[in-house]
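Work through the exercises below with the sequence and the model side by side. Try each task before reading its solution.

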Amino acid sequence: FNAKRGKELFDFGWKILACNILNQGYLGIYDLVIGAQFSAGQLGLVSQGKKYPSALGSMLDGAIQPVMMSAVSRIQTKIEQVKRLTRRALKTSTFVIAPCMMLFAVAAEPIVSILLGEKWLECVPFLQMYCFVYALLPIHSSNLSALSGLGRSDINLKLEIVKKCIGTLALVIGAFVVRDVYVLVSMAMLTGIIATMVNSWPNKRVIGYSYLEQIRDICPAFLLSAAA
């Protein structure tokens with residue numbers, strides 16, 4: 001056992017663990033607030049609307065990002081190559097996920113009827129909104145994977161804290177100020193856009209990959225998906 005190496009790995013790993021705990025805790029509180037402030041029925045509709053886009057996005061994006069993080073970790077000192085890898089991962093995952101989410105949103109009603117039955121048709125608007133939220137997943141994961149591959153889990157943790165503060169504010173506004181479950185889920189769309197800016201901001205300094213460059217890189221996939 002190499003104590004020095006173990007300390008390096010622990011210093012990196014505990015911040016990733018903290019990020020995941022924060023995220024899971026927030027998701028649990030989110031569902032708890034919906035169930036307490038509205039009704040179990042509306043919580044069920046929101047949960048069903050979120051479940052399928054979440055599973056689809058995680059499956060597709062999850063096949064690309066771990067490979068990208070591993071590749072980045074091997075070339076940490078070659079920043080230009082790190083940027084090229086990040087761009088490739090972002091463009092590839094967006095090219096796959098954007099059309100899938102677009103199709104899922106457009107065909108949401110018949111898909112829900114087939115998979116869940118007509119009694120669940122009220123979850124269609126939520127499913128469509130979450131399709132938009134998870135269509136942005138490549139921006140989040142590509143930026144965070146690049147930072148993790150460079151060993152900057154400290155930045156990941158700071159970003160997670162900022163995003164959860166923004167998400168909590170949106171949750172309070174939707175659930176306790178406006179008191180409308182549709183507004184609450186719409187706020188998730190807004191916070192999703194803000195979170196893309198938060199996640200991409202450090203990489204302008206770290207690898208020279210700005211938010212505007214990222215938007216330009218993903219626009220073709222979104223435009224083609226919309227046209228199709």
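Angles between axes under 35 degrees count as roughly parallel, over 145 as roughly antiparallel, 65 to 115 as roughly perpendicular and the rest as oblique. Axes are lines fitted to C-alpha atoms, for helices over the stretch in contact, and the angles run from 0 to 180 degrees between N-to-C directions. Helices (H or I, at least four residues) and strands (E, at least two) are DSSP runs, numbered from the N terminus.

This is a predicted model, in which local features need pLDDT of at least 70 and side-chain atom pairs count only at pLDDT 80 or more, while totals for chains, interfaces and linings use all residues. Residues are numbered from 1 along each chain as its sequence is written, and side-chain values use heavy atoms, with hydrogens and water left out.

**Exercise 1. Confidence**

Task: Find the mean pLDDT of the chain, and the elements with the lowest and the highest mean.

Solution. Step 1: pLDDT is the predictor's confidence in each residue, from 0 to 100. Step 2: The chain averages 91, and 100% of the residues score at least 70. Step 3: Among the elements, helix H3 (residues 65-74) has the lowest mean, 80, and helix H6 (residues 124-135) has the highest, 94.

**Exercise 2. H4 and H7**

Task: Describe how H4 and H7 pack, and list the residues that make the contact.

Solution. Step 1: Two packed helices are described by the angle between their axes and the distance between the axes. Step 2: For H4 and H7 the angle is about 155 degrees and the axes are 9 Å apart. Step 3: The two helices are therefore roughly antiparallel to each other. Step 4: Their crossing is right-handed (left-handed if the near helix is turned anticlockwise from the far one by less than a right angle, right-handed if clockwise). Step 5: Contact means heavy atoms within 4.5 Å. H4 contributes Thr86, Ala89, Leu90, Ser93, Thr94 and Ile97, and H7 contributes Pro138, Ile139, Ser142 and Ala146. Step 6: By class, these residues are six nonpolar, four polar and no charged (Ala, Val, Leu, Ile, Met, Phe, Trp, Tyr, Cys and Pro count as nonpolar, Asp, Glu, Lys and Arg as charged, and the others, Gly among them, as polar).

**Exercise 3. H3 and H4**

Task: State how the axes of H3 and H4 are arranged, and give the classes of the contact residues.

Solution. Step 1: The axes of H3 and helix H4 (residues 79-106) come within 10 Å and cross at roughly 175 degrees. Step 2: H3 and H4 are therefore roughly antiparallel. Step 3: Gln65, Met68, Ala71 and Val72 of H3 meet Val82, Leu85, Thr86, Ala89 and Ser93 of H4. Step 4: Six of these residues are nonpolar, three are polar and none is charged.

**Exercise 4. Two residues in these contacts**

Task: Decide whether serine 142 and threonine 86 are buried or exposed, and find what each touches.

Solution. Step 1: Buried means under 20% relative accessible area, exposed over 50%, partly exposed in between (1.4 Å probe, protein chains only). Step 2: Serine 142 is in helix H7 (residues 137-149), and at 1% relative accessibility serine 142 counts as buried. Step 3: Leaving aside neighbours within four places in sequence, serine 142 contacts Gln65, Met68, Thr86, Ala89, Leu90 and Ser93. Step 4: Threonine 86 is in helix H4 and, at 1% relative accessibility, is also buried. Step 5: Not counting residues up to four places away, threonine 86 touches Met68, Ser142, Ala146, Ile207 and Tyr209.

**Exercise 5. A positive phi**

Task: Where does arginine 179 lie, and what is its phi?

Solution. Step 1: Most residues other than glycine have a negative phi. Step 2: Arginine 179 is not a glycine, yet its phi is positive, about 60 degrees. Step 3: Arginine 179 sits in the loop between helix H8 (153-178) and helix H9 (181-206). Step 4: At 58% relative accessibility, arginine 179 counts as exposed.

**Exercise 6. Sequence and space**

Solution. Step 1: Alanine 226, in helix H10 (residues 211-227), is exposed at 54% relative accessibility. Step 3: Proline 110, in helix H5 (residues 108-115), is partly exposed at 45% relative accessibility.
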